[in-house]
Amino acid sequence: RWRIKFVDSQRYIMVAPKDSPEDGWQTITTSEHFFTPFLIIRDPERPSRYEFRDHVSGGVIRVFGSPGVPGETMAARRLFITHGRRRRPRLLHGTANATLPLPAPPLVGQSFHLASEVGGEYVSLRPMEETRGHARLDAPHEKVCEEVRKNWTSGESVLALVVQRVRVSCSHLVQLERIASAEPEPEGTPDRQARARARKAVRSAIRRVTFDVGGRETVLVTAFNLDDIDWIPLSLRWLAVNGHRKLLVLHTDAFTCSGVRSLNVPEVEIECLSAAQLSLPVDEVWRSEVTPDWGLSAHPAETTYLQRGKVKLMEVALKDQVDVIFVDPDVLVLSPEFARDLASHPADIAFGSDRRTIRNRDFLVHPENCPASLPGYRPYVEDWVDTGVMHLRAGSKAALAFVREVQVLMDAFVLSDADAAQAILTGHAQLSDPLRSPRLGGRMRANDTWTKPLW
């Protein structure tokens, strides 16, 4: 996978978030720190032509006009955008529909010629031919450029990607940086001996990145896939600056470990583990296409499977008498006292707070902004916990029992780790709807498990 950087501004191409969850397209912009990993595909019939596919959404880059913008014409500039598609239908509130839709037709992307510039050190992206009936591009005279444009709604000046005529001066030199290559999948664990070897390998990986905090062995863990790799350079630099020099990375795809190592800072020692190495009892079930999407992610099966592995990894470390500090990749550690402050906390289990207020307009005025949130949950949003920041103390029966019960609920109800943890602490989930899980078959009553059966 590749990241693309404009030479003049030293900014990366990034796919902007969707304005609406239902949008089938996203604007492409640039960022100083964040980037989108792309798959660059060569046309086998026309080797000089390439297609760019967004690794995160699976969408392809397309070129369109920008009608309605003062001073621009369809032939002069075209905005650079991508079209994605939903991986599976959402199972929101109402009757669950287990019938999967027919596969979407293949996405057809814009073809580009990568023109060598400055002795081959850089390239420029030149759109080629028309794409499925859209305006024809004059390939020899146009390049993808980064330029300052005025937002006619807000009046602000923003950097935008456009297709610009070569005769007009623009920033068009880009550098292609390979950030990740697919690595072999870990061996499976079909028999008892193989599972024993896998458990030993996991414990060894944990031990290689443990460090001492107040006389206690501790491991700092994060979990993510290549979708969130653009947080890693910033996150690792903050860890290094504040003296945190070891990190265990859990992932479920073939690219993440390679990507982390290529973007790592030399001061931080990285150890990688795949969730497949943890011998989870639900590997194939969690990967299944029938895993429900409660509106939380573009890739719900992969995300929930990663969370399941994260909790199992915590259990393994606690049983091996190692304290666990977990941080999501977008949690920046800004203090050298971070680990020591957590270790000195009197509780054996500590969470970050995801406290919200019922007066938040997202819940009352615009509930569609969080379509998976059941109306009955909203009075309880002030006690939400955040499993993106956690500390669990080894030797505590409560901590070990907690992570085991989280796994039981995740397996039984197909919950996220945050929903399972919330249910144990307060009796209600945050966003998921446990009683509509496909694993229940409608046979379990609310009072058997839940103290606040809001649904």
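The model is predicted.

- Arg199 is located in helix H1 and is partly exposed, at 44% relative accessibility.

**Salt bridges**
- Arg3 and Glu177 join their side chains in a salt bridge, at 2.6 Å from N to O.
- This pair connects distant parts of the chain, with Arg3 in strand S1 (residues 2-6) and Glu177 in strand S12 (residues 174-178), 174 residues apart.
- Arg3 and Glu177 are both buried.
- Arg207 and Glu217 form a salt bridge whose closest N and O atoms are 2.3 Å apart.
- Because Arg207 lies in helix H1 and Glu217 in strand S14 (residues 216-223), this pair ties together parts 10 residues apart in sequence.
- Arg207 is partly exposed at 32% relative accessibility, and Glu217 is partly exposed at 38%.
- Glu315 and Arg404 meet through their side chains in a salt bridge of 3.1 Å, N to O.
- Glu315 belongs to helix H5 (residues 300-319) and Arg404 to helix H8 (residues 397-413), 89 residues apart.
- Glu315 is buried, with a relative accessible area of 7%, whereas Arg404 is partly exposed, at 38%.

**Surroundings of Met390**
- Met390 sits in strand S19, residues 385-392, and is buried, with a relative accessible area of 5%.
- Beyond its neighbours within four places in sequence, Met390 has contacts that include Lys310, Met314, Phe351 and Phe402.
- The C-alpha atoms of Met390 and Val327 are 6.7 Å apart, although 63 residues separate them along the chain.

Notes
Residues are numbered from 1 along each chain as its sequence is written. This is a predicted model: local features need pLDDT of at least 70, side-chain atom pairs count only at pLDDT 80 or more; totals for chains, interfaces and linings use all residues. Side-chain values use heavy atoms; hydrogens and water are left out. Helices (H or I, at least four residues) and strands (E, at least two) are DSSP runs, numbered from the N terminus. Buried means under 20% relative accessible area, exposed over 50%, partly exposed in between (1.4 Å probe, protein chains only). Contact means heavy atoms within 4.5 Å. A salt bridge is a side-chain nitrogen of Lys or Arg within 4 Å of a carboxyl oxygen of Asp or Glu.
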